[in-house]
Amino acid sequence: MPDPAIKAGRESLVEVKNLTKYFPITKGILSRVVGRVHAVDGVSFNILPGETFGLVGESGCGKTTTGRLILRLIEPTSGDIVFDGRKINDIKSEELRCLRREMQIVFQDPMASLNPRMTVGDLIKEPLEVHRVGGGANLDDQISDLLVAVGLRPNHMYCFPRELSGGQRQRVGMARALSLRPKLIVADEPVSALDVSIRSQIINLLKDLQEEFKLTYLFIAHDMSVVKHISDRVGVMYLGKMVEMAPKGLLFAGPQHPYTQALLSAIPIPSPGAKKDRIILEGDVPNPIDPPPGCRFNTRCRYVMDRCRQEEPILREKEASHWVACHLD
Ligand code: SF4
């Protein structure tokens, strides 16, 4: 298979090659393995320094698992993860701890990810203490600076998470992630738990912070309109596979894969009275324990052919930088 990661030509910050994660399903007191959930299945892509790579797809497509594999929060079944020129698949303990300083995560639900018994100041201080960086007399100044950078006030450091709004809590999550000055942030559905009215504020803040702190983002979301707003390039996943990948402009102007076309047709048009032909996907996403043979989208695709049920389409470059896994020409 051609390798989209290598094709980019520029030094990547992250390269993922044939990344695979199967979760075993066990049964009985002997924990006999009776099946495997094919969560991520041979995914390859790269992320350039300073870029925002949007990873989209329905719930259960493997996008969150991919993010966690890159962060080494879970172990891959096979495949390679290269970060900043270094293969990180099997590094352990102290090396992994050092690596974690350079890769941070912003979670979907800020309330669940922040310890309710800790003040904001202590929450931001915690990663600095764990990684033994910063500290000393100016620690409070560092925390104040981080709070201001994410649009909060220095005296928010004395608040508990329950005293803050959802948007403010997400800002605290971002300050925590930024405290170690990482190179990569995996933002896992960072705005989907927030009110629509404050989503754009958080997205704009992410963009501002990217410039100020020279960040690279893997932005995971199911909402195509959010991804369109923030991403430079977009990868679309379906049932553990990457089905389309392109720079944002190409993907949104001319989606090639029938699944991407359906996702884009669901984005509302902001002007009143404007109409759009929505492509309704029939049926549910197949069970990832037993994915369909051939193209995994064949059970829901309106263009399905006999070949699609037998032969898996490979991800190929249909035009410059635009990769599609589909038998249609
Ligand atoms: Fe549809 Fe076949 Fe293309 Fe899969 S390979 S998306 S089933 S046309």
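## Before you start

Because the model is predicted, local features are given only at pLDDT of at least 70 and side-chain atom pairs only at pLDDT 80 or more, while totals for chains, interfaces and linings use all residues. Residues are numbered from 1 along each chain as its sequence is written, and side-chain values rest on heavy atoms, with hydrogens and water left out.

## The nonpolar cores

In soluble globular proteins, nonpolar side chains tend to be buried together. Here a nonpolar core means a set of buried Ala, Val, Leu, Ile, Met, Phe, Trp, Tyr and Cys residues joined through side-chain atoms within 4.5 Å. Buried stands for under 20% relative accessible area, exposed for over 50%, and partly exposed for what lies in between (1.4 Å probe, protein chains only).

The largest nonpolar core has 59 residues. Val 150, Met 174, Leu 178, Leu 209, Phe 219, Met 224 and Val 236 have the most contacts inside it. Helix α8 (residues 196-213) gives this core its largest share, six residues; helices (H or I, at least four residues) and strands (E, at least two) are DSSP runs numbered from the N terminus. Take Leu 209 as an example: leaving aside residues up to four places away in sequence, Leu 209 touches Ala 149, Val 150, Met 174, Leu 178, Lys 214, Leu 215 and Tyr 217, where a contact means heavy atoms within 4.5 Å. Another core, of 33 residues, lies apart from the largest one, and its members include Val 40, Phe 53, Ile 88 and Leu 99.

## Salt bridges

Next come the charged pairs. The structure holds 17 salt bridges, each a side-chain nitrogen of Lys or Arg within 4 Å of a carboxyl oxygen of Asp or Glu. One of them joins Arg 68 and Asp 188, whose closest N and O atoms are 3.3 Å apart. Arg 68 sits in helix α2 (residues 63-70) and Asp 188 in strand β7 (residues 184-188), so this pair ties together parts that are 120 residues apart in sequence. Arg 68 is partly exposed at 27% relative accessible area, whereas Asp 188 is buried at 6%.

Asp 80 pairs with Lys 87, with 3.5 Å between the closest N and O atoms. Asp 80 is partly exposed at 26%, and Lys 87 is partly exposed too, at 46%. Glu 95 and Arg 86 form a further salt bridge, at 3.0 Å; Glu 95 is partly exposed at 42% and Arg 86 is partly exposed at 36%. Asp 84, Glu 102 and Lys 183 are linked in a network of salt bridges.

## Cysteines

A disulfide is a covalent bond between the sulfur atoms of two cysteines. Counting any pair of cysteine sulfur atoms within 2.5 Å, a search of the whole structure finds zero disulfides. Cys 295 is buried at 13% relative accessibility, and Cys 308 is buried at 9%.

## Two loop residues with positive phi

Finally, have a look at two backbone angles. Leu 239 is not a glycine, yet its phi is positive, near 50°. Leu 239 lies in the loop between β9 (233-238) and β10 (241-247) and is buried, at 1% relative accessibility.

Ser 321, again not a glycine, has a positive phi of about 70°. Its place is the loop between β11 (316-319) and β12 (322-324), and Ser 321 is partly exposed, with a relative accessible area of 38%.
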